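This briefing concerns a predicted model, and it groups its points by topic for a reader who has the coordinates open. Please keep the predicted origin of the model in mind throughout.

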Amino acid sequence: MNPNDILKKAANGERLTPAAGLELYAEGDHEAMLAVAHQLRLQRTDPAVVTYLVDRNINYTNVCTTDCQFCSFYRIPGHSESYVLGKHEIGAKVEELLAWGGTRILMQGGHHPDLRIEWYEEMLRWLKSTYPEIELDCFSPSEIENIAHIENMSMETVLERLHEAGLDGLPGGGAEILDDDVRKRISPKKTETEVWLHAMRIAQRLGMVTSATMVIGFGETLEQRVASLTRLRDLQDESLAAHGNGFTAFIMWTAQLSETNSMGRSRHRHKYGANFDEYLHTNAFTRIYLDNFSNLQASWPTQGLDTARRALTAGANDFGSTMLEENVVSQAAAYTEREPRMSVHRLHEQIRQAGFVPAQRDSRYCIVRNFDHAMSQEELAPRPIPTRLDVTQAPVASS
Ligand code: SF4
């Protein structure tokens, strides 16, 4: 079928088959796709508002044994720069987040070969009891698989125990491209496609918050990208039908390459990465193709503010988060900011410049606060809170 006809079908709300999707993605008119994606976004979410989250990433350890080729963050066990954060360090980060009016931490780390499940349970229980207002979206399917492997347990048991200890959500990190040929090439020791999907299926059955992700620019084909999206769309159908709890959002960004990771040093480097047009085209395509996802995030830390703002009129309805801290993408050569960190005031400015009203949300996309009127930097500045840390207790950290 002609790509224009396929686009018309999609604009009328018809689901695209993988073959039609691929045809549109490969041959569709770029500007027309951006326009249709924006129309669909206006229909599926509040048309006046762009949402965002006040949160921070906390990387509890950089110790990892998985050696993904695109990763500049990890250190092998015993490395002089390896670390595992203790309660005091994590607690201090949470308190800084609370001062900013934050509602969630996204805590992820490498695949540490020695941390036992009790370490994770203890940390979650302590965080939940000390900071009950903070949502704990932590780990990723591959970290769950790592714990299951260490403990010789099923992923189901691991997730049930961590959920019981306070885990609210399982973020969709580590999906990259859900195609095993791509995964074997770029991260041969990491979670296979079916295992990633299975971890998410379990988390959704347990009622947890989950997100879906895709990273483009690993030299994968368009067919492999569409196949990855089809797997996410299928699981979304399955989980919504079974428990009414699917992925809350889809987030896509481009591979970040640098001289500090082996893909960045590869002689095939010219085949990797994706430019801003390809990012926007893919952003629009995913809004069109993923017809059972409500929320699509623009990724300012990887694409820069101009492209991320443009994405808000090309399918995206959410500006991600303030990211008071981020250590993984920023270890590689993100196009724009070495240290992704944005004040709430600056984030509001971006959303208003794109023509929308900013609204702070939680991780389930429930609105925490609408900002109909512009507020000053001072009004949106952080308000320090009294510490809840037991300062008489020595911080616990190791590597
Ligand atoms: S991406 Fe994650 S799993 Fe892969 S090497 Fe880095 S920390 Fe380890």
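E378 is found in the segment that follows β11 (367-370), and with 7 C-beta neighbours inside 10 Å this residue counts as exposed, because the cut-off for that class is 12 or fewer. Between E378 and P18 there are 360 residues of sequence separation, and their C-alpha atoms are 49 Å apart in space.

**Ligand surroundings**

- Which residues surround the ligand? The shell is made up of C64, T66, D67, C68, C71, F73, Y74, G110, H111, S142, S187 and K190.
- By residue class, the shell around the ligand holds 5 nonpolar, 5 polar and 2 charged residues.

**Helix α3 against helix α12**

- Helix α3, which covers residues 30-44, packs against helix α12, which covers residues 276-289, at an angle of about 45 degrees and with the two axes 8 Å apart.
- That angle makes α3 oblique to α12, and the crossing in which α3 passes α12 is left-handed.
- On the α3 side the contact is made by H30, M33, L34, V36, A37, L40 and R41, while on the α12 side it is made by L280, H281, A284, F285, R287 and I288.
- Sorted by class, the residues of this contact between α3 and α12 divide into 9 nonpolar, 2 polar and 2 charged.

**Residue A10 in helix α1**

- A10 is found in helix α1, which spans residues 3-11, and A10 is buried, with 25 other C-beta atoms within 10 Å.
- Leaving aside residues up to four places away in sequence, A10 touches L16, V36 and I288; of these, V36 of α3 and I288 of α12 also belong to the contact between those two helices.
- A10 and A20 are 10 residues apart in sequence, and their C-alpha atoms are 10.0 Å apart in space.

**Helix α6 and its two partners**

- Helix α6 (residues 141-151) and helix α9 (residues 193-205) have axes that come within 9 Å and cross at roughly 95 degrees, which makes α6 roughly perpendicular to α9.
- The contact of α6 with α9 is made by P141, I144 and E145 from α6 together with V195, W196, A199 and M200 from α9, and its residues divide into 6 nonpolar, no polar and 1 charged.
- Helix α7 (residues 155-165) is the other partner described here, and the axes of α6 and α7 come within 9 Å and cross at roughly 110 degrees.
- The helices α6 and α7 are therefore roughly perpendicular to each other.
- In this second contact I144, E145, I147, A148 and E151 of α6 meet M155, V158 and L159 of α7, and the residues involved divide into 6 nonpolar, no polar and 2 charged.
- I144 and E145 take part in the contact of α6 with α9 and also in the contact of α6 with α7.

**Backbone with positive phi**

- Most residues other than glycine have a negative phi.
- F139 is not a glycine, yet has a positive phi of about 70 degrees; F139 lies in the loop between β4 (135-138) and α6.
- Is F139 buried or exposed? With 29 C-beta neighbours inside 10 Å, F139 counts as buried.
- E176, also not a glycine, has a positive phi of about 45 degrees, and E176 is found in the loop between β5 (169-170) and α8 (180-186).
- E176 counts as buried, with 25 C-beta neighbours inside 10 Å.

**Residue M342**

- M342 has its place in the loop between β9 (318-321) and α15 (344-353).
- With 21 C-beta neighbours inside 10 Å, M342 counts as buried, because the cut-off for that class is 20 or more.
- Not counting residues up to four places away in sequence, M342 touches T322, M323 and L347.
- M342 and I385 are 43 residues apart in sequence, and the distance between their C-alpha atoms is 20 Å.

Key
Residues are numbered from 1 along each chain as its sequence is written. This is a predicted model: local features need pLDDT of at least 70, side-chain atom pairs count only at pLDDT 80 or more; totals for chains, interfaces and linings use all residues. A residue is near a molecule or strand if its C-beta atom, placed from the backbone, lies within 6 Å of it. Ala, Val, Leu, Ile, Met, Phe, Trp, Tyr, Cys and Pro count as nonpolar, Asp, Glu, Lys and Arg as charged, and the others, Gly among them, as polar. Axes are lines fitted to C-alpha atoms, for helices over the stretch in contact, and angles run from 0 to 180 degrees between N-to-C directions. Helices (H or I, at least four residues) and strands (E, at least two) are DSSP runs, numbered from the N terminus. Angles under 35 degrees count as roughly parallel, over 145 as roughly antiparallel, 65 to 115 as roughly perpendicular and the rest as oblique. A crossing is left-handed if the near helix is turned anticlockwise from the far one by less than a right angle, and right-handed if clockwise. Two residues are in contact if their C-beta atoms, placed from the backbone, lie within 7 Å.
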